[in-house]
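Reader: Please take one part of this structure and go through it closely, residue by residue where that helps. I would like the cut-off behind each term as it comes up.

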Amino acid sequence: MKARVFVTLKPGVLDPQGKAIHHALGALGFAGVNDVRAGKLIELDLADGTSDAEIEAMCRKLLANTVIENFRVERDSS
Amino acid sequence: MNSAVIVFPGSNCDRDLKVAIETVTGRAPAMVWHRETELPDGTGLIAIPGGFSYGDYLRSGAMAARSPIMQAVVEAAGKGVPVLGICNGFQVLTEAGLLPGALMRNAGLHFVCRPVGLTVETSQSIFTSFYSAGEQIVVPVAHHDGNYQADGETLDRLEGDGRVAFRYRETVNGSARGIAGILNDAGNVLGMMPHPERALEAAHGGTDGRRLFEGLLEAVAA
């Protein structure tokens with residue numbers, strides 16, 4: 001069973017990497033980009049039966065720093 | 001004074017910190033590998049060095065904060081043992097929950113490596129008692145993720161409770177309210193981005209870091 005964890009900076013937290021990417025896109029001539037926020041995608045290959053609560057605990061204890069980051073979990077339905 | 005320097009894979013200021021502690025206290029600290037689960041008996045000071053523990057994987061300090069020895073560090077900190085985290089050590093302490101907030105990528109995106117001007121914000125701590133409040137000192141920084149961030153309420157509380165130990169006097173990394181170092185609620189844990197162990201001898205270019213270790217020695221020996 002697989003799950004994908006998306007870790008993103010909380011709104012309002014300054015994202016210097018996103019800003020740099022935004023700037024680089026502008027330099028390449030892509031004019032229509034209003035803002036860029038960079039995050040992380042973490043793919044987990046899990047034992048069958050791993051509960052949502054366990055995945056959430058993994059996110060809170062390690063995968064995300066909830067002081068500055070939000071996380072969202074997507075599970076494969078298969 | 002019995003002290004311990006915690007060593008993670010990727011620590012690179014552990015030996016500088018050892019030399020600084022030994023120079024000031026006259027006793028070499030125990031070098032404690034991250035896989036250990038206990039600190040040496042009678043450890044009176046724990047120091048967490050700078051570097052790039054675990055290659056900064058996931059987030060700076062994130063993996064180190066979950067390594068076996070950190071449980072013992074958190075326990076000792078809870079009992080009042082002084083804990084000093086410098087640079088990556090500061091990042092580890094925030095990730096371990098011993099200090100609030102987080103250290104993010106420098107606002108200018110560049111690695112910053114130079115001596116910077118600091119203001120000592122409080123002399124009312126075991127780490128800063130040999131300085132005067134408001135004193136201006138110069139200590140080197142060397143970091144990529146030194147941009148201290150916390151929510152407004154936390155920042156207000158840190159300032160209101162006199163827990164901001166050091167503030168930058170110049171633009172360095174985008175830190176909220178210019179914060180360079182903070183104390184925990186009980187005052188026995190200090191995290192700071194600047195490197196006092198690199199400002200110990202005249203040959204280092206400055207000696208402003210030395211009194212931090214001298215003050216600690218007096219506090220711990222007392």
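Author: B:Val141 lies in strand S7 of chain B, which covers residues 136-143 (strands are DSSP runs of E with at least two residues, helices runs of H or I with at least four, both numbered from the N terminus). The model is a predicted one, in which local features need pLDDT of at least 70 and side-chain atom pairs count only at pLDDT 80 or more, whereas totals for chains, interfaces and linings use all residues. Residues are numbered from 1 along each chain as its sequence is written, while chains are lettered from A and ligands numbered from 1 in the order in which they are written.

B:Val141 is buried, because 24 other C-beta atoms lie within 10 Å (buried needs 20 or more, exposed 12 or fewer, partly exposed lies in between, with C-beta atoms placed from the backbone). Leaving aside residues up to four places away in sequence, B:Val141 touches B:Val112, B:Arg114 and B:Val116, together with B:Gly146, B:Val172, B:Met193, B:Pro194 and B:His195 (contact means C-beta atoms within 7 Å). B:Ala165, by comparison, is 24 residues from B:Val141 along the chain, and the C-alpha atoms of the two are separated by 16 Å.

How do H1(B) and H6(B) pack, at what angle and with their axes how far apart? The angle between H1(B) and H6(B) is about 55 degrees and their axes are 9 Å apart (axes are lines fitted to C-alpha atoms, for helices over the stretch in contact, and angles run from 0 to 180 degrees between N-to-C directions). H1(B) and H6(B) are therefore oblique to each other (under 35 degrees is roughly parallel, over 145 roughly antiparallel, 65 to 115 roughly perpendicular, the rest oblique). On the H1(B) side the contact is made by B:Ala20, B:Ile21, B:Val24 and B:Thr25, and on the H6(B) side by B:Arg210, B:Phe213, B:Glu214 and B:Leu217.

Two loop residues of chain B deserve a look at their backbone. B:Tyr54, which sits in the loop between S3 and helix H2 (62-65) of chain B, has a positive phi of about 50 degrees although it is not a glycine, and it is buried, since 21 other C-beta atoms fall within 10 Å. B:Arg177 is found in the loop between strand S9 (164-168) and strand S10 (179-183) of chain B, and its phi is likewise positive, about 55 degrees, although B:Arg177 is not a glycine. B:Arg177 counts as partly exposed, because it has 14 C-beta neighbours inside 10 Å.

Chain B also meets chain A, in a contact that takes 14 residues from chain B and 9 residues from chain A. On the side of chain A that touches chain B, the largest share, 3 residues, comes from helix H1 (residues 16-27) of chain A.

Conventions
Two residues are in contact if their C-beta atoms, placed from the backbone, lie within 7 Å.
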